[in-house]
Amino acid sequence: SSAMRSVALVIILLRAGLGLDPGVLKRAKFVILRLAFLPCLCEATVDAILAKFILDMPWAWGFTLGFVIAAVSPAVVVPQLLHLQDNGYGVEKGVPTLVIASASFDDVLAISGFGIALGLIFSKSSLALNIARGPLELVGGIGGGAIAGVVSWFLPSYEKKKSHLHRNRVAFLLFAGLTAVFGTRRVHFTGAGALGVLTMAFVAGRKWLPEDKKTVARTMALLWHFAQPMLFGLIGAEIESSSLTESYVGKAIGVLALGMSVRVTVSFFSVLGYGLNLRERIFVALAWLPKATVQAAVGSIAWDTAKQEGTKEEERLGLMVLTIAVLVIVITAPIGSLAIFFSGPRLLKKANSMQLDEEVSLAASNNRDRNQHTDSAMPAENNLNSNAPQMLESGV
């Protein structure tokens, strides 16, 4: 079960890495960084403090839980935002693009923070090494991932048949990703493995032809279709119903609610200076609510590691992290999805007929730039992107 969940984790990390778009980051400059980093860091910190004093968790375990909870779900956010954009809502100020572009960076930060906190818990090294563990995992993960990504530019070598090339590239990424995750776990540098897989996929896609990268991303999306139900099912099967007492669930929901309140508030203020009005800033804050994919991918890792390397107390704390991760998915995914669906048409300005005519060419250009990001975040995006101009015209 643990090995199968690790395979699913590698797949979602590869998809996230292939979806990172440096062009979008450069265009939106510091706004995307603020929206991706500030809400995540603030929510993780608040959750860690609440976990310490409400759930009686040690600080390192509190931050492990905080980063599990803090990650937003591109699988929920991206399709909803694409639907709004294709119908003209928020396109004038680029609100959908802003939120979509920030989602992957938010996940990178959450997964990296989770891995570093988890590494501090199970490290048996000296205090000096424990203090240096975070920077070492960061440098090791980025450096190793970058090297593997550069290797993927040349290996596999170009084949006469494109299908063979794409198949071999997918196989290389999966093999290198699994080696990184299982290998770093073996040497107790778990965070470096996750970050290395993200970095490898990102670097690999930089030199591939756009159509080649899109094909590999579609294959990863197809694999995720099979891995996702397996991942959620295996996680749900691990939950012990005896641990879900009214008191425990109530405390967990309280931690989640307070942390989400901080996230919404910080998200609202993170987009100041981008030219959004009050209603649009409220929408951005609501769009930053759904959580699902990352919680399913990393929620069980702490428990798996505790069973292999930790004490009975650490195993109990790992199960608490897993249980709360499941509660986060059950509560926030439907609420966040409904919030985006109903608030978008009410809070975002819909371009009029003349504006839509002017936005058609710009939206098509943005979609082409964004393809590399959203193909890995939402498998059905290719159909949406190819139909975007027709949908915009039908809105006229």
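The exercises below work through a predicted model of one protein chain.

**Exercise 1. Describe the overall make-up of the protein chain and its confidence.**

Step 1. Secondary structure: the protein chain has 17 helices and zero strands.

Step 2. Burial: 55% of the 396 residues count as buried.

Step 3. Surface: the accessible area is about 16400 Å², and carbon and sulfur atoms hold 68% of that area.

Step 4. Contacts: among those with a separation of 6 or more, 82% join residues 24 or more positions apart.

Step 5. Confidence: pLDDT averages 80 over the protein chain, and 80% of the residues score at least 70. Two stretches stay under 50. Residues 356-364 are one of them, with 10 contacts beyond four places in sequence in the model. Residues 370-396 are another, with 61 such contacts.

**Exercise 2. Work out how helix α12 and helix α15 are oriented, and which residues join them.**

Step 1. Locate the helices: α12 covers residues 278-287 and α15 covers residues 312-347.

Step 2. Take the geometry: their axes come within 10 Å and cross at roughly 170°.

Step 3. Apply the cut-off: angles over 145 degrees count as roughly antiparallel. The two helices, α12 and α15, are therefore roughly antiparallel to each other.

Step 4. List the contact residues. From α12 come Arg-279, Glu-280, Ile-282, Phe-283, Leu-286 and Ala-287; from α15 come Ala-339, Ile-340, Ser-343, Gly-344, Arg-346 and Leu-347.

Step 5. Sort them by type: the contact of α12 with α15 has seven nonpolar, two polar and three charged residues.

**Exercise 3. Decide whether Val-99 is buried or exposed, and find what it touches.**

Step 1. Check accessibility: buried means under 20% relative accessible area. Val-99 has 0% relative accessibility, so it counts as buried.

Step 2. Find the contacts: leaving out residues up to four places away in sequence, Val-99 touches Leu-35, Val-77, Leu-81, Val-284, Ala-287 and Trp-288. One of these, Ala-287, also takes part in the contact of α12 with α15.

Step 3. Check a C-alpha distance: Val-99 and Ile-32 are 67 residues apart along the chain, and their C-alpha atoms are separated by 7.9 Å.

**Exercise 4. Where is Asp-56 placed, and is this residue buried or exposed?**

Step 1. Position: Asp-56 sits in the loop between α3 (30-53) and α4 (59-70).

Step 2. Accessibility: exposed means over 50%. Asp-56 reaches 63% relative accessibility and therefore counts as exposed.

Step 3. Backbone: phi of Asp-56 is near 60°, a positive value in a residue other than glycine.

Terms used:
Residues are numbered from 1 along each chain as its sequence is written. This is a predicted model: local features need pLDDT of at least 70, side-chain atom pairs count only at pLDDT 80 or more; totals for chains, interfaces and linings use all residues. Side-chain values use heavy atoms; hydrogens and water are left out. Axes are lines fitted to C-alpha atoms, for helices over the stretch in contact, and angles run from 0 to 180 degrees between N-to-C directions. Helices (H or I, at least four residues) and strands (E, at least two) are DSSP runs, numbered from the N terminus. Angles under 35 degrees count as roughly parallel, over 145 as roughly antiparallel, 65 to 115 as roughly perpendicular and the rest as oblique. Contact means heavy atoms within 4.5 Å. Ala, Val, Leu, Ile, Met, Phe, Trp, Tyr, Cys and Pro count as nonpolar, Asp, Glu, Lys and Arg as charged, and the others, Gly among them, as polar. Buried means under 20% relative accessible area, exposed over 50%, partly exposed in between (1.4 Å probe, protein chains only). Accessible areas come from the Shrake-Rupley method with a 1.4 Å probe; for residues, only the protein chains shown count as cover. pLDDT is the predictor's confidence in each residue, from 0 to 100.
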